[in-house]
Structures are given as C-alpha cells and as structure tokens.
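Let's take a friendly walk through this model together. Please have the viewer ready.

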There are 2 protein chains.
Amino acid sequence: MATYAGAGKKLQSERAVRVLRSRILSGEFGPDTHISETAAAEMMGISRTPTREALAQLVDEGLLDRTSSGRCTVRSFSADDVIDAIELRGVLEGTIVRLAAERGPSRDDFDRCMELADLIDIALGDAEPEIDFERYADLNAEFHRTLIGLSGSVTLRREAERAYRMPLASPSAFLQSQEHLVPVRRSLYVAQAQHRALLDAIAAREGARAEMLAREHARLARQNLDALMQSEDRHVHDIPGLSMLAGTPQVNTKGRTQ
Amino acid sequence: MATYAGAGKKLQSERAVRVLRSRILSGEFGPDTHISETAAAEMMGISRTPTREALAQLVDEGLLDRTSSGRCTVRSFSADDVIDAIELRGVLEGTIVRLAAERGPSRDDFDRCMELADLIDIALGDAEPEIDFERYADLNAEFHRTLIGLSGSVTLRREAERAYRMPLASPSAFLQSQEHLVPVRRSLYVAQAQHRALLDAIAAREGARAEMLAREHARLARQNLDALMQSEDRHVHDIPGLSMLAGTPQVNTKGRTQ
DNA sequence: CATATTTGAACTGTATACATAAATTCTGCT
DNA sequence: AGCAGAATTTATGTATACAGTTCAAATATG
C-alpha cells in the first residue's frame, strides 16, 4: 500500500508526521494501538529512518506514548487531559496577551488580529441569517495563531504552538465540524465579543484585564466541551467525531489481523 | 520526551543528548556554532543515527536552532529570552499549584514537598552560620520537580518539565555555582519563606493565593537575575559562569581549527 | 485444566552505504 | 585585484543491513 508518493516530497519525515497524526486523530489508530516502526514505514512506502523521526516527534507532541522498551502506542486521552489542555491554553494565551499589553504588541500582528475579528464578524453574519461555520473555524484558528505571536516572545510562542497541537486544546478543536458547532452556535457570538474585548484591553495596555479575558475565553471552550459531554453521555469518548478518544481497542498496524 | 528515566548508558542517543547539552551549556560550543551530525558523531564515537536523534531533541528543547537547510547551530540567548523563560515557569508553576489547591494535591508529593522544605531549612542553617550551597541547590531543584507533579495533571507536568530544561529558567539555574549564590544569599531565605507560604496556601485549598505566590516566587528569580546583570554589565552574556550565553564565536566541531 | 517454560518471530537500536543538495574553494576572466 | 562561476568537498536525508532484546505463542508439565 504505497500511498501516493508524489505528495509533499520535501521531507519524508514531515510527510510521515502528517500522515500518522491524521490517522491517529481520525481515530483510525485507536488508543493503545501499537504502532511499529517497520509496519508504519512499510505502510507509507518509506524506510524506517524517517518513520522513526516521525514517531519521535509524535511522542513529543503527546499523541503517542513510549513504553519502556521503546515501543510506541497511541495515547488514550481522558476527559481530564482535555480539560487540562484547555486550561493550559488559557494560561499561555493569557500570559502572552498580558505581556503584549505591557510591552506593547507587535504592530503587524495586532492589525492582523483586528482584521480577522472583522472577518469573523462577517462570517457570523450581522443579522444571524446563516453562519458560515467552515469559514468561521478557519478564521478563528488564524486569529489565535496570530494572537500568540503578539507578545514578540519566541519562547512563549513556541509553547503556545505546542499546546495548540494537543488534540482538543486547539482553539478550534471541536469547532471543526458543523456537527459540533451547531449546538454551541450562540457561544460563538460570546467568543467573538471576547475577542474584541481582548484586543481592546491590549490596545489600552491593560495587561491584567487582557489576561483575565483570555482565561475567560478558554473557560468558554471548556463550558462548551462540558455541555457536549453532558448531552452525549458524560464521556469524551462518546462525542461523535472525536473518535480518537474512543476506547475501542484497535488492530495492529501490521496485517496480522485477529 | 522521555529523556529522563534511569536509562543510564543503555541508549546511545540519550548519552549523546547529555554530552552535547553539557558541552553547549558549559559554553564549549558557543552561540552560532555549527554542530554537524558527522562531526558530532565522530567526536562521540557513535554513528550518525543516534546523533541525529540527539540533535533533533536539542532543537526541540530550544538549545539548538535549525537552519532552513537542516543544519544545527547553537542558539544564542538574549536577556529577554531568559526573562520570558522565567515568566513562563512562574505561570506554569502557578497554574499547577492553583489546580493542586482546587482539586486537592496528591498526598505523597505534598508530603515530600513538606519534607524537602524542612531539609532546605536545615541546609540554610538556623542561625545563618554557613549555608551549604550545593545541598541547597539540589534540594531546591527537587522541591520544584516535586511541586510540578502536585496537580496530578500529566499535561501540565510535561510542560513544566520542558520549561525547566530551558537554560536559566530552571528553578536553580544560576543557583548552581556558589559564585552566583553568594551575592543573592539573603534572597534564599525569602524564597524559602515563599515555599512555606505556597504549601500553606495549597493545604488551605486557596488556589488563587497559591498561584499568586508562585508567580511572586518566579519574580524573585528574575530580580536576582536583574541584580546580577546590573552588577556585571547589563548583559547576560557577561555574567561569569553563564558562558553559554557568551557572544564569542566558536570554532567548528570539526577538527579543522584555524 | 491451569501454569510454567521454551522457542521463535518481531521489533527496536545502531551502524553503514548511497544519493542529493549545499557550501566552500579554486580558477579563470574582466 | 576583484568578482563570477564551476568543481570539489562536505553535510544532510534516506535506505538497508545487522545485532540484541522483547514479546507472544506454543508446548510441556504439575
């Protein structure tokens, strides 16, 4: 099964990361699935060396666990893990916007944030006719990606980017599919109001307020998750579309089925 | 990244990480020094494969930069980088102790923290006769390592551990050498008082206060750094013992000197 | 029938070889 | 002498081969 090799043939290892990450997040490789170097390499039609590198990166990202003997298994996320990741995101974004307010934000990024806020307004629709969910998700993601560069600190930006890679902690984790967006439709307007307030606070150089607002923003995300869980069975695993969290044991990557 | 663990010299790649990190931190490889895979491998008497893995990890830790063409150079740290790293540490520790207070800390870790606080008291000496600096540094480091497990959140613990690996952001970064400890001798007592207050706040389940105290604790570290910089020339580079920050261009890893 | 043991397949860690891309050096020309 | 360009040399990315270890199935044993 040598997948189309002509894709992004820049670096095999990067392509491997994307392929594996996507398969894990899609739930194709369920929790505790053992992913072997040789099998994964064979599957992707590349050698073990770049595959090894890709697995190491995914372990670092937290998507894979590494056993004592060096084997890689898909990490199983609990509801607490997701909550903590959202908490972390709120704290990091809060710190970044506080510093941005205190030190003065980088002009370009700030302007871009304002611009994105305007675009989000449009996507949400003035009179709430019909929301362009897909566009909203894209814009929201870019807003947050731009936001974390606002302080000018590479250190904090790095950490925030890393936090964003954590499944479900990303600003638009379950804002991807319309299926999840519709139930929390009203909260999107609240979130947008928070975006505006955040930018205001930064412009006014009110660091403490900016930090507080960012945390509140993350709290909203958590509330949405809680609401989804309440309606679905009180377990993250059961939220449709978040199959990566499913507890279903999976077959090995290897063909050795059963 | 499962760098830790007792895996002594079993894995060549881990040994390589330790060797390279130590050489970078010691200043042997100054900022912007190019570290080549082949040269580094040859130097350590191992092959390129584990060396490659080690370099990737150090890039991830932030000790090395990777150029567009894949080359690795020693990162040059600015004073701002250090300040941001300390800020990050304070924020992460603050979040962890807040959650520990809110959710209830893990009993074992909390007891160990109390124990360590007692030991630090002893190391500092009751009547301030003479401080056992080396022991203090060890105990302080362990105190903080234990602290970041207190919330029971693996996610936050991971991030904090990562932050600790950042040079100078570690709780005892410049508390390693007596040379730096003596000038800030008096602040060690303040820090210890903060440790106690922090544990009190957690025991009393006062999350907000615990978070505030943790941030104050980090602020003290920054003040110490500022004081050191003031007395040394206003540049991190010039603080003795922190040669990793020195701006002196270094020879290549390769033997091709001059 | 359950448990301990052995045996074999599979996987990871490491080394080496090869190809491609980058960088430096050398040479020729202006 | 200075600059441009080509050739050489070096470094990275990838593939493959080999050794030690781990895991698991199958067999033997009480």
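We begin with the DNA and then turn to the protein interface.

This is a predicted model, in which local features need pLDDT of at least 70 and side-chain atom pairs count only at pLDDT 80 or more, while totals for chains, interfaces and linings use all residues. Residues are numbered from 1 along each chain as its sequence is written, chains are lettered from A and ligands numbered from 1 in the order in which they are written, and side-chain values use heavy atoms, leaving out hydrogens and water.

Around DNA strand C you will find 22 residues, where near means having a heavy atom within 4 Å of the strand. The closest include Arg48(A) and Arg52(A). Of the DNA atoms that come within 4 Å of the protein, 63% belong to sugar and phosphate. Glu37(A) uses a polar backbone atom, 3.0 Å from a phosphate oxygen.

Now look at where the protein chains meet: 29 residues of chain A are in contact with 30 of chain B (heavy atoms within 4.5 Å). Together the two chains bury about 2,500 Å², 47% of it on carbon and sulfur atoms; buried area is the accessible area (1.4 Å probe) that two parts lose on being put together, summed over both. There are 10 salt bridges between chain A and chain B (a side-chain nitrogen of Lys or Arg within 4 Å of a carboxyl oxygen of Asp or Glu). One of them joins Arg103(B) to Asp84(A), at 2.7 Å from N to O.

Methods. Polar contact = N/O pair within 3.5 Å; in protein donor to acceptor, adjacent residues only side chain to side chain.
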